[in-house]
Amino acid sequence: MYIRPGTMLGMLGGGQLGRMFTMAAQQMGYRVTVLDPAAESPAANIAERHLQADYLDYRALDELGSTCAAVTIEFENVPAQALRYLAQRCIVSPNAESVSIAQNRILEKQFLMENGFPVVPFVAIRSEKDISRKIDASLFPCILKISQFGYDGKGQIQIENTDILPERFADLGSRPCVLEKRLPLAHEISVILARDNHNRITFFPVPENRHVKGILDTSIVPAGLSDKIIEEACEIARQVAIRLNYIGVLCVEFFVLNNDQVLVNEIAPRPHNSGHYSLDACITSQFEQQVRVLCGLPHGSTKQVQAAVMINILGDLWQNDEPAWDQILRHSQAKLHLYGKREAKPGRKMGHFTVLADSTEEAFLQAQHIRHDLQ
Ligand code: ADP
Ligand code: MG
């Protein structure tokens with residue numbers, strides 16, 4: 001049994017990940033309803049139907065659940081309760097439990113620790129009380145991260161010593177946080193996989209990710225790291241998916257230290273920015289895979305057909321004018337993706353481009369030329 005093309009699928013969230021899911025679904029003949037509270041959004045603007053309502057609007061959820069065969073998500077901050085409610089009406093993946101863990105750094109770290117996965121040393125700070133308790137000096141320097149609703153490095157403050165901790169905790173609104181040791185990172189990589197309800201798992205080629213000010217800037221694929229590191233990360237991601245009883249596309253972000261130690265940074269219960277290269281460089285993209293797994297269809301091949309470098313286009317590029325898109329497209333091996341957001345703001349992800357080449361070195365060089373031309 002599978003969900004046939006022509007059927008309506010549901011998407012919770014209207015951002016660019018929802019838009020690219022919608023495009024992949026529509027390409028395969030599905031229709032999509034987007035539930036998102038905003039009047040317009042990248043996904044709702046192209047979907048067949050937009051339910052403009054809060055994620056916990058039960059009338060909207062009833063409507064979604066009764067008109068869609070299956071529902072998925074594009075960001076982790078959908079209330080898990082909405083997924084539980086919908087699951088009584090239609091197929092929902094990923095499951096509410098996985099999402100509730102991934103949307104809360106404290107629960108996420110606890111889940112990872114309890115299951116023996118390697119994580120960065122941390123303490124949970126739920127209130128001032130947890131600060132007054134002595135925090136081991138070896139944890140410093142640290143990063144204080146709000147437990148919920150942080151993204152793209154937002155809701156994070158660098159902490160050099162215990163003295164300034166109470167003040168910084170207050171700066172973050174005295175909300176539950178994790179205080180995490182700041183480590184010298186040799187590399188960051190991400191494993192993106194898809195798992196179906198028969199425990200079939202497919203992996204995408206692993207990118208190396210470079211961040212600027214906490215925001216993903218560049219993904220280089222394949223990552224030029226040893227097979228041992230890549231295999232270890234993939235095996236951890238596989239075990240995470242199994243432990244979560246996860247169905248759908250999952251991303252596990254990793255830190256790699258100088259001694260080749262691999263640590264889990266965080267989990268995203270959805271396709272990931274670092275997997276956007278797959279739209280152009282792989283036989284099946286992460287979004288098509290999301291559609292396939294949601295609909296009970298066979299996985300597509302994740303084989304990468306060319307080396308790729310993906311670079312995010314942030315709102316910062318809109319200084320006085322639109323960026324010169326023809327400068328990107330002058331490079332015939334570059335693919336431009338814009339998300340149709342009307343307003344450009346600094347730090348806001350407006351689109352990305354991917355350069356394809358015979359080697360990552362070549363793709364990287366071309367990508368730097370384009371970046372230079374754009375500035
Ligand atoms: P977000 O949810 O905003 O992606 P992350 O926890 O992944 O938050 O942090 C964003 C980036 O900040 C990471 O990709 C990494 O570059 C840097 N970073 C986060 N935690 C640490 C750490 N403990 N040590 C060193 N760098 C870190
Ligand atoms: Mg991250």
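# Close-up views of a predicted model

**View 1. Helices α2 and α3 are oblique to each other.** Their axes come within 10 Å and cross at roughly 45 degrees. Angles under 35 degrees count as roughly parallel, over 145 as roughly antiparallel, 65 to 115 as roughly perpendicular, and the rest as oblique. Axes are lines fitted to C-alpha atoms, for helices over the stretch in contact, and angles run from 0 to 180 degrees between N-to-C directions. Helix α2 covers residues 58-67 and helix α3 covers residues 80-87. Helices (H or I, at least four residues) and strands (E, at least two) are DSSP runs, numbered from the N terminus. The crossing of α2 past α3 is right-handed; that is, the near helix is turned clockwise from the far one by less than a right angle.

This is a predicted model: local features need pLDDT of at least 70, side-chain atom pairs count only at pLDDT 80 or more, and totals for chains, interfaces and linings use all residues. Residues are numbered from 1 along each chain as its sequence is written, while chains are lettered from A and ligands numbered from 1 in the order in which they are written.

**View 2. The chain is assigned three domains: domain 1 (8-92), domain 2 (121-181) and domain 3 (187-374).** These bounds come from an automatic or database domain assignment. The C-alpha centres of domain 1 and domain 2 lie 34 Å apart.

**View 3. Ligand 1 has 18 residues around it.** A residue counts as near if its C-beta atom, placed from the backbone, lies within 6 Å of the molecule. Glu180, Arg182, Leu183, His211 and Gly214 come nearest. Domain 2 and domain 3 each give the shell at least three residues. Strands β7 (142-146), β9 (177-181) and β15 (262-268) each supply at least two. By type, the shell has five nonpolar, five polar and eight charged residues. Here Ala, Val, Leu, Ile, Met, Phe, Trp, Tyr, Cys and Pro count as nonpolar, Asp, Glu, Lys and Arg as charged, and the others, Gly among them, as polar.

**View 4. A cis peptide bond joins Ser93 and Pro94.** Omega is about 0 degrees. Pro94 sits in the loop between β5 (91-92) and α4 (96-102).

**View 5. The peptide bond from Phe140 to Pro141 is also cis.** Its omega is near -5 degrees. Pro141 lies in the loop between α6 (128-132) and β7.

**View 6. Phe149 has a positive phi, about 70 degrees, although it is not a glycine.** Phe149 belongs to the loop between β7 and β8 (156-159).
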